[in-house]
Amino acid sequence: HVVIGVISGSTTVWGTPVQVNADYGYGYPACVCSIGGGKVIATYLDSSGYQYARCGTITAATKTIVFGVEITLYSTATYMSAQSLAYSSLRDATVVVVNRYDYAFVYRLTVSGTTITADLLDNTGNSSLNGGCQIVNDPATDVFMVANKYTSGANHFGIGRTFSLGASAWSMATVSLSFSSTLESDNLTLAYDTSIDRYVVTWQDSGADYVYYCVGIPGADTSSDIMTWGTATVLISSASKVYADYLSTSYNTAKDRDRKSTRLNSIT
C-alpha cells in the first residue's frame, strides 16, 4: 500500500492507504519517489521475488492517490531484493537500482500520464554492485551516486560510484571507491547535501553491531568517479536493537537554508 500524509505544523494527517499489489511483499521495503508534477513512482517486490512498478497522481488537499497500470520490471522468480529510486529532473526520468543474487540491475523509467516505460540499461547485472544499494541524484550536474555493499571472498566493502544517464544508455564509472572495509550488512543509506555538494552515507557493521557514517566529496570532474571519503565515524556504538532492520537518511533543504541565512546575517 501507499499512503499520503499532509503536514500541518507538527501534525501529520494521513489519507486512505491505496493498494498497489494484492500479493504480500517480499522481505525488503517498497520504494516511492516523487517525479514532479504531482506524481510518484512506486517499485516493489512480491512474494515470488518478481519486481513491479506503478505511477500515480497525488492530490495533497484530499490526500488521494490514483495509480495507473502496474508494469513488470522483472518476471523471473529470482528474489530481487534491495532497491532504490532517484529522479532526474533534467532527463525527466527515474533510475531504479535493484539487487538480484548479488548482481545489480539498472532500469530507466519514463512516464506519460501514469503509464511507465521501462528500459533495462544493464541487462546482465553488474557484479561489482552486489548487496544493499542506495541511489541519489545531484540536480546541479545530473550525476547519480550509488552506495552499496561489495563482497569479495571474506571481505565486505562499502563502495560509492557515480554514473551519468544518457538518452538511451548509462555510463558507470569503472573504479570502485571504498568508504568501509567492514560492511557486513546490507543495511546502508545515502543522502546528498545540495548546498555544499557532499554525500553522507551511513551503514551498519553487523559483526561489531556498530552504525557508522562518513562524508563523501565529489571531484571537480563530474563525469568521472573521483570521490574522496572522510573518516568513518561511529554513530551508534551498540546497534543490536537495529540489527537486520533498515536505516533511513534524508536531507532537509529548508533547514539548510535557514542555517545559511543565519550565517550570512552574523557576517553582515
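Modeller: Before we start, a residue is called buried under 20% relative accessible area, exposed over 50% and partly exposed in between, with a 1.4 Å probe and protein chains only.

Biologist: Fine, what share of the chain is buried, then?

Modeller: Buried residues account for 43% of the 268 residues in the chain. This is a predicted model, in which local features need pLDDT of at least 70 and side-chain atom pairs count only at pLDDT 80 or more, while totals for chains, interfaces and linings use all residues. Residues are numbered from 1 along each chain as its sequence is written, and side-chain values use heavy atoms, with hydrogens and water left out.

Biologist: And how many helices and strands?

Modeller: The chain has one helix and 21 strands, taken as DSSP runs numbered from the N terminus, with helices being H or I of at least four residues and strands E of at least two.

Biologist: Switching to Asp-209, where is that?

Modeller: Asp-209 sits in the loop between β18 (198-205) and β19 (210-218), and its relative accessible area is 25%, so Asp-209 is partly exposed.

Biologist: How far is its C-alpha from that of Ile-236?

Modeller: The two C-alpha atoms are separated by 8.5 Å, although Asp-209 and Ile-236 are 27 residues apart along the chain.

Biologist: What about Leu-235, buried or exposed?

Modeller: Leu-235, which belongs to strand β21 (residues 233-236), is exposed because its relative accessible area is 51%.
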